[in-house]
Amino acid sequence: MARTLKSALIWCVPDNPTILPEEARKLLAWEDIEEELDELHLDETQKHQLSINLKKAERDLKESVWRTYNKIILLGKNNDWQDINLGLTHSSAAESLTAFILNRLRQDGHVEEGISPNFLVRNWPPAFKEWSTQSVKNTLFASPQFPRLLNPEVIRDTIPRGVGNRIIGYVGKISDSHYKPFHYDESPCHRI
């Protein structure tokens with residue numbers, strides 16, 4: 001079965017996943033030791049060393065996740081899969097791996113905060129003279145020709161801006177040649 005909104009998908013895939021389980025096992029082992037702290041009768045020096053080892057294992061696991069998930073795969077503009085190598089990453093590069101990936105996708109133009117009415121009209125298939133707001137949303141997330149939007153609700157701002165700037169009209173179709181309501185060249189005072 002073909003996926004309809006295929007451009008909405010972005011995968012972050014592991015480059016070499018073998019290191020990650022080992023780092024996770026180390027952290028789990030140190031956590032097990034910490035849980036048995038009362039039974040082990042450790043002195044203060046040993047407790048301090050346990051705390052250091054636990055923090056190191058947590059840090060190592062976090063860095064391992066960053067090093068492992070350094071490749072993004074998404075649908076390119078030519079409808080082929082596109083690989084984006086993030087290179088050697090580390091946790092100090094951003095507040096989270098997700099934030100790092102989104103920043104990179106923004107820099108490369110794969111993800112956008114919004115879309116302009118001009119861009120929408122310029123890139124809309126010329127065979128369609130009119131389209132529903134739902135078809136705009138579906139097309140934006142189905143076609144790799146359009147940038148991926150972080151929030152699909154921004155379309156509700158794009159359409160009134162286009163109406164206010166005389167780029168597009170917003171209408172309700174009541175028959176083949178009649179429209180009601182009909183909005184064109186109006187101030188974008190409300191969202192659609």
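Modeller: Let's start with a term: a nonpolar core is a set of buried Ala, Val, Leu, Ile, Met, Phe, Trp, Tyr and Cys residues joined through side-chain atoms within 4.5 Å. Keep in mind that this is a predicted model. The largest such core here has 13 residues, and those with the most contacts inside it include Leu120, Val136 and Phe146. Helices α6 (133–142) and α7 (155–164) each supply at least two residues of this core.

Colleague: What does Phe146 touch, leaving out residues up to four places away in sequence?

Modeller: Its partners are Ile115, Phe119, Leu120, Asn123, Trp124, Thr139 and Leu140. Apart from that core lies another, of twelve residues, with Leu86, Ala94, Leu97 and Ala99 among them.

Colleague: What makes Asn70 buried?

Modeller: Buried means under 20% relative accessible area. Asn70 has 9%, so Asn70 is buried. This residue sits in the loop between α3 (44–68) and β2 (71–75). Beyond its sequence neighbours up to four places away, Asn70 touches Val13, Asp15, Ile84, Asn85, Leu86 and Gly87. The C-alpha atoms of Asn70 and Gly87 are 6.3 Å apart, although 17 residues separate the two along the chain.

Colleague: And why is Phe182 called exposed?

Modeller: Exposed needs over 50%. Phe182 comes out at 51%, so Phe182 counts as exposed. Phe182 is in strand β7 (residues 179–183), and Val171 stands opposite Phe182. Along with Tyr179 and Tyr184, these two make a nonpolar surface patch of about 360 Å².

Colleague: How are β6 and β7 arranged?

Modeller: Strand β6 (residues 170–173) pairs with β7 in the antiparallel sense, over three bridges. Five residues lie between the two strands, which form a hairpin.

Colleague: How do you know that Glu22 and Arg25 form a salt bridge?

Modeller: The rule asks for a side-chain nitrogen of Lys or Arg within 4 Å of a carboxyl oxygen of Asp or Glu. For Glu22 and Arg25 the closest N and O atoms are 3.4 Å apart, so the pair qualifies. Both are in helix α1 (residues 19–35), three residues apart, and about one helical turn separates them. Lys47 and Glu44 also form a salt bridge, at 3.8 Å from N to O, and Glu153 meets Arg156 in another at 2.8 Å. By this rule the count comes to seven salt bridges.

Key
Residues numbered from 1 in each chain as written. Predicted model: local features only at pLDDT ≥ 70, side-chain atom pairs only at ≥ 80, totals over all residues. Heavy atoms only, no water. Patch = residues over 30% accessible without salt bridge, like charges linked within 9 Å, V, L, I, M, F, W, Y side chains within 5 Å. Areas by Shrake-Rupley, 256 points an atom, 1.4 Å probe, with all protein chains shown as cover. Helix = DSSP H or I, 4+ residues; strand = E, 2+ residues; numbered from the N terminus. Buried < 20%, exposed > 50% of the residue type's maximum accessible area, 1.4 Å probe, protein only. Pairing = 2+ DSSP bridges. Contact = heavy atoms within 4.5 Å.
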